[in-house]
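Hello! Here is the structure I promised to pass on to you. Please open it beside this email and follow along as you read.

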Amino acid sequence: MKKLLKISAILVLFFATGCDSAETNCSTGPFGLTFEFVDKDSGANLFNNGTFTPQTPVTVTDLNQNKIIQTTYLKSNNSDRALLVLAFEAGTFNYAVNIGDKPVFELLVVTESVKGSQCSSIIKKAFEVKNAAYEEEKTTGIYKILMDTKN
């Protein structure tokens, strides 16, 4: 009788925890932005045309915490781009971006967490670029920072 109760308890636990339970735990990962630095008149990529070298650092400073954060260089389709990964969680982010010792722009981004039926993701709620003109490529989501190279 005790064996029957043990087996019954195991079977109840097995079926209650569910082979049919298709609960998915997923997340979209960190929110990121990609920037390409281009000449405002010609549209030429400033790393490709020699204005900046690949060794010229793109420095991003978190103005909220006064610390430098990591960027990643991407090279594809003959274009050099800087990838900025913002955060794993929702929040307000304020950054200053320099190329070498030249201040280029400040960035304010507000992100929020959105939970769907099975997955959660971080989305951009607000976005502002200060001290620079920019264009967003709608198909790729890449932000082109338009820089005046004549000064």
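**Charged pairs**

Lys 125 and Glu 112 form a salt bridge, with their closest N and O atoms 3.9 Å apart. The term salt bridge is used here for a side-chain nitrogen of Lys or Arg within 4 Å of a carboxyl oxygen of Asp or Glu. This pair links distant parts of the chain: Lys 125 is in strand S9 and Glu 112 in strand S8, 13 residues apart. Strands are DSSP runs of E with at least two residues, numbered from the N terminus.

Before you go further, please note that this is a predicted model, in which local features need pLDDT of at least 70 and side-chain atom pairs count only at pLDDT 80 or more, while totals for chains, interfaces and linings use all residues. Residues are numbered from 1 along each chain as its sequence is written, and side-chain values use heavy atoms, with hydrogens and water left out.

The cut-offs are under 20% relative accessible area for buried and over 50% for exposed, with partly exposed in between (1.4 Å probe, protein chains only).

How many salt bridges does the structure hold? There are four. One of them joins the side chains of Asp 41 and Lys 150, at 2.7 Å from N to O. These two are 109 residues apart, with Asp 41 in the loop between S2 and S3 and Lys 150 in the segment after S11. Both Asp 41 and Lys 150 are exposed. Another salt bridge pairs Glu 136 with Lys 138, whose closest N and O atoms are 3.7 Å apart. Glu 136 is partly exposed, because its relative accessibility is 32%, whereas Lys 138, at 71%, counts as exposed.

**Aromatic rings**

The whole structure has eight aromatic pairs. Rings of Phe, Tyr and Trp (its six-membered ring) pair if their centres lie within 6.5 Å; planes under 30 degrees apart count as stacked, over 60 as edge-to-face and the rest as tilted. Phe 127 and Tyr 134 make an edge-to-face pair, 5.7 Å centre to centre with 75° between the planes. Tyr 134 counts as partly exposed because its relative accessible area is 33%.

**The nonpolar core**

The largest nonpolar core has 24 residues, and among those with the most contacts inside it are Leu 33, Phe 35, Phe 105 and Met 147. Such a core is a set of buried Ala, Val, Leu, Ile, Met, Phe, Trp, Tyr and Cys residues joined through side-chain atoms within 4.5 Å. Strands that each supply at least two residues of this core include S2 (31-39), S8 (102-115) and S9 (119-130).

Thr 111 is found in strand S8 and counts as buried because its relative accessibility is 5%. Beyond its neighbours within four places in sequence, Thr 111 has contacts (heavy atoms within 4.5 Å) that include Phe 31, Glu 89, Ile 123 and Lys 125. Thr 53, by comparison, lies in the loop between S2 and S3 and counts as partly exposed, because its relative accessibility is 37%.

Enjoy exploring!

Note on methods: Helix = DSSP H or I, 4+ residues; strand = E, 2+ residues; numbered from the N terminus.
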